[in-house]
Amino acid sequence: MDRIELTKARWFKGEISPPPDKSISHRAVFFSSLSKGKSNIKNFLRAEDTMSTLNAFRKLGVEIQEIVIPPSPPLVKGGKGGFSGELIVHGKGLYGLKEPFDVINCGNSGTTIRLIAGVLSGNPFFSVLTGDESLRQRPMARVITPLRQMGAEIMARAGDKYPPVAIKGGRLHAIKYTMPVASAQVKSAILLAGLYAEGETEVIEPFQSRDHTERMLPALGAEITVEGLHIKIKGGTELRGTDIYVPGDFSSAAFFIVAALLVPDSEILIKNVGVNPTRTGLLEVLKQMGANIELTNIRDISLNSPLITHHSSLFVGEPVADIYCKGGKELNAVQITKEKIPSLIDEFPILCVAATQATGITTIRGAEELRVKESDRIKAMATELRKMGIEIEEFEDGLSIKGKCGLKGTIIESYGDHRIAMAMSIAALIADGTTTINGISSVNISFPGFFEILMRLTE
Ligand code: S3P
């Protein structure tokens, strides 16, 4: 039974630590696998997407040991470990990967397939990448075009549009590439290929996307310079392993932040959340809407964490904070335009839910990228919120939502998309009657145990 029934919540209270950051966990495995020597990854996200990356590097010959840390308290009765683990990665260096014996299945993970295409382009062997039904409909031309320009032989289904992707890598040369879309996955794929290229590879983004790659790669020895939206990487520099600590995922915390703002009688503290400004656009928008949110204990965890007593070289490189939210404030509608989208790209579904309770009409435009995520998130949110009684106008690049409206319980589809399932579950907490959410196992992509934590925080 892949569904859950939810009813209106009377309150939403407590203290939680969200799962480790998905984007940073992926990158920790990528970069440590390509380094020489051992890396210890602390607070690694154990979820389906990051396991796709881990399994991919195992297929490429990298030895990765997993240490499962039992959660406290357990997420699921009798369950085996929680969403946080520890990895010991025995990196192979840039040139130590082996040709995979079989197709590499990237599951549902866009980050895995895009970034690994960059790595495999620089390796002199044949590989094939595929994924689940959703991933096989996600655009690959955005990485194929620049990687081909760098010298990779690379082909994909449907005229080089979609996975499966076949790659014969080899000697690459540096390019200067102006990206047509702001995408951290595309940027990171080019930077990874740039590690293998002769010369200095340059990438220029139209808008700032998440910068975890630029922050983490230099800690392992890569030579990167960043000037605004212009990033350069020197090819041929070997990486060396280091210890990496992954902060909590702001995108997972976002569901609880909005729940606390919408459910009456709410107050929560979300601890140890990554607050990299390229990720926290939702916070600014919610504050602009009138929300009561405070960041406390803002820190560079590498300076004052007890963790560093045993790991003097522990790399974090990301700002971390605790997030306090108290409900009960009136929210007002906002207008969101294109340049804001990358900093809240994964928060679009939950922002739509917040907009249903804001006075006025919230409009989100310039968000056409949302149509090519794990599902068509513009269509999914418009369809499902309309079913709950909300007036929505859909545009090719976004939507407008008439707020301050009551929601009514109904049967909701998640389209196999983790963020739709979680966002609509928060909508269910303020809806009249019972809401059934179908396809809830999708939450395991980024947030195993989401419903157990939700139940603990509410009644
Ligand atoms: C990600 C980048 C974003 C985001 C995705 C994770 C990453 O995608 O939506 O969930 O880890 O680099 P795009 O870079 O394609 O916008």
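**View 1. Phe12 in strand S2.** Phe12 counts as buried, because its relative accessibility is 0% (buried is under 20% relative accessible area, exposed over 50%, partly exposed in between, with a 1.4 Å probe and protein chains only). Phe12 is placed in strand S2 (residues 12-16); helices (H or I, at least four residues) and strands (E, at least two) are DSSP runs, numbered from the N terminus. Between Phe12 and Glu48 there are 36 residues of sequence separation and 28 Å from C-alpha to C-alpha. The model is predicted, so local features need pLDDT of at least 70 and side-chain atom pairs count only at pLDDT 80 or more, while totals for chains, interfaces and linings use all residues. Residues are numbered from 1 along each chain as its sequence is written, and side-chain values use heavy atoms, with hydrogens and water left out.

**View 2. The two domains.** The protein is divided into domain 1 (3-18 + 248-457) and domain 2 (22-245), with bounds that come from an automatic or database domain assignment. Their centres, taken over C-alpha atoms, are 26 Å apart. In contact across the two are 39 residues of domain 1 and 35 residues of domain 2, where contact means heavy atoms within 4.5 Å.

**View 3. The largest nonpolar core.** A nonpolar core is a set of buried Ala, Val, Leu, Ile, Met, Phe, Trp, Tyr and Cys residues joined through side-chain atoms within 4.5 Å. The largest one has 84 residues, of which Phe12, Phe256, Ile257, Leu286 and Phe450 touch the most other members. Helix H8 (residues 250-262) supplies the largest share of this core, 11 residues. Domain 1 and domain 2 each contribute at least three residues to this core. Apart from it lies another core, of 65 residues, including Val89, Met150, Ala197 and Leu220.

View 4. Leaving out residues up to four places away in sequence, Ile257 touches Phe250, Ile268, Ile270, Leu283, Leu286, Ile293, Ile323 and Cys325. Ala291 sits in the loop between helix H9 (281-289) and strand S19 (292-300). Ala291 is buried, with 10% relative accessibility. Lys326 is 35 residues from Ala291 in sequence, and their C-alpha atoms are 8.2 Å apart.

**View 5. Helix H13 and its cap.** All 11 of the 11 residues of helix H13 (residues 418-428) are buried, so the helix is largely enclosed by the rest of the structure. Among them are His418, Arg419, Met422 and Ser425. Asp417 caps the N-terminal end of H13, with a side-chain oxygen 3.0 Å from the backbone nitrogen of Arg419.

**View 6. Helix H12.** The buried residues of H12 are Arg377, Ile378, Ala380, Met381, Ala382, Glu384 and Leu385. They pack against helix H11 (348-355), strand S25 (392-395), strand S26 (398-402), strand S28 (411-413) and H13. At the start of the helix, a side-chain oxygen of Asp376 comes within 3.2 Å of the backbone nitrogen of Ile378. Gly389, which follows H12, has a positive phi, near 105 degrees. Lys387 and Glu384 form a salt bridge, with the closest N and O atoms 2.8 Å apart; a salt bridge is a side-chain nitrogen of Lys or Arg within 4 Å of a carboxyl oxygen of Asp or Glu. Lys387 is partly exposed at 31% relative accessibility, whereas Glu384 is buried at 0%.

**View 7. Lys373 and the charged residues around Asp346.** Lys373 lies in the loop between strand S24 (361-364) and helix H12 (377-387). Lys373 is buried but has no salt bridge, and the nearest side chain of opposite charge, Asp346, is 4.6 Å away (Lys and Arg count as positive and Asp and Glu as negative; His and the chain ends are not counted). Asp346 forms a salt bridge with Arg377, their closest N and O atoms being 3.9 Å apart. Asp346 is in the loop between S22 and H11 and Arg377 in helix H12, so this pair ties together parts that are 31 residues apart in sequence. Both Asp346 and Arg377 are buried. A network of salt bridges links Arg138, Arg210, Asp346, Glu374, Arg377, Asp417 and Arg419.

Technical notes
Polar contact = N/O pair within 3.5 Å; in protein donor to acceptor, adjacent residues only side chain to side chain.
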